[in-house]
Amino acid sequence: MTLVIAAAMLVMGSCQRKPVMTHARFVHLPTDGWQRTLPLTFRPEYDDSAATYDITLAVRYDNSYRYRNLTMAVDVITADSAVNRRTVDMALADEYGNWTGGGFGTLYQSKVPVVEAVTPDEARSIVVWQSMGVCDTLWGLVNLGIITTPATKK
């Protein structure tokens, strides 16, 4: 009898849906700077094709970054290859030059939402371009990445 109950619990447990998880993908930026002509491409990871997700852009930077903000062009590419471009401006320091991101030591991280409540077909890939008007190459940026989380809004 105990064996039958254990087998039934095992079968019933395998029928449950897997939880939808948060996934993060980061790339290291070149030590000789992120050039305006170097796009970074990300493919978000999704656990459930029927669920909706929020995608956040995150940047890690150090004290050698020379500006208060970071402006990027972000292309959200759909499953049918449509491109939805948006401009993302991240404030990395306040008006007094104090870093606003979280972190410790000389490494900080800031993040900003890119899209909310999208299906996997609505955001098949994300392409990020640095679009700072002040220079063609940015130094002091260490990593750039996307964080995919289950949508908080439906």
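Modeller: A definition comes first: helices and strands are DSSP runs, a helix having at least four residues and a strand at least two, and they are numbered from the N terminus. Please bear in mind that this is a predicted model.

Colleague: How many helices and strands are there in the protein chain?

Modeller: The protein chain has one helix and eleven strands.

Colleague: Which strands form the open sheet, and is the pairing parallel or antiparallel?

Modeller: Five strands make up that sheet, in the order 1-11-4-8-7, and their pairing is antiparallel. Strand 1 (23-28) and strand 7 (102-104) are its edge strands, each pairing on one side only. On average, neighbouring strands of the sheet are turned by 20° against each other, direction ignored.

Colleague: What holds paired strands together, in general?

Modeller: Strands of a sheet pair through backbone hydrogen bonds.

Colleague: And how many bridges join strand 4 to strand 11?

Modeller: Nine bridges link strand 4 (residues 53-62) with strand 11 (residues 141-150), and the two run antiparallel. Within this pair, Tyr53 stands opposite Pro150 of strand 11.

Colleague: What about strand 5 and strand 6, how are they joined?

Modeller: Strand 5 (residues 69-77) and strand 6 (residues 83-91) are antiparallel and are joined by nine bridges. Ala73 faces Thr87 in strand 6.

Colleague: Which residue of that hairpin takes a positive phi?

Modeller: Ser81 does, with a phi near 70°; the hairpin has five residues between strand 5 and strand 6.

Colleague: A change of topic: where does Gly133 lie?

Modeller: Gly133 is in the loop between strand 9 (125-130) and strand 10 (137-138).

Colleague: Is Gly133 buried or exposed, and why?

Modeller: Gly133 counts as exposed because its relative accessible area is 77%, and the cut-off for exposed is over 50%. The C-alpha atoms of Gly133 and Arg36 are separated by 9.5 Å, and these residues are 97 apart along the chain.

Colleague: Finally, what share of the whole chain counts as buried?

Modeller: Of its 154 residues, 38% count as buried. The accessible surface of the chain is about 9300 Å², and carbon and sulfur atoms account for 56% of that area.

Colleague: And what share of the contacts joins residues at least 24 apart?

Modeller: Among contacts between residues at least 6 apart in sequence, the share is 78%.

Technical notes
Residues are numbered from 1 along each chain as its sequence is written. This is a predicted model: local features need pLDDT of at least 70, side-chain atom pairs count only at pLDDT 80 or more; totals for chains, interfaces and linings use all residues. Side-chain values use heavy atoms; hydrogens and water are left out. Two strands pair if DSSP finds at least two bridges between them. Axes are lines fitted to C-alpha atoms, for helices over the stretch in contact, and angles run from 0 to 180 degrees between N-to-C directions. Buried means under 20% relative accessible area, exposed over 50%, partly exposed in between (1.4 Å probe, protein chains only). Contact means heavy atoms within 4.5 Å. Accessible areas come from the Shrake-Rupley method with a 1.4 Å probe; for residues, only the protein chains shown count as cover.
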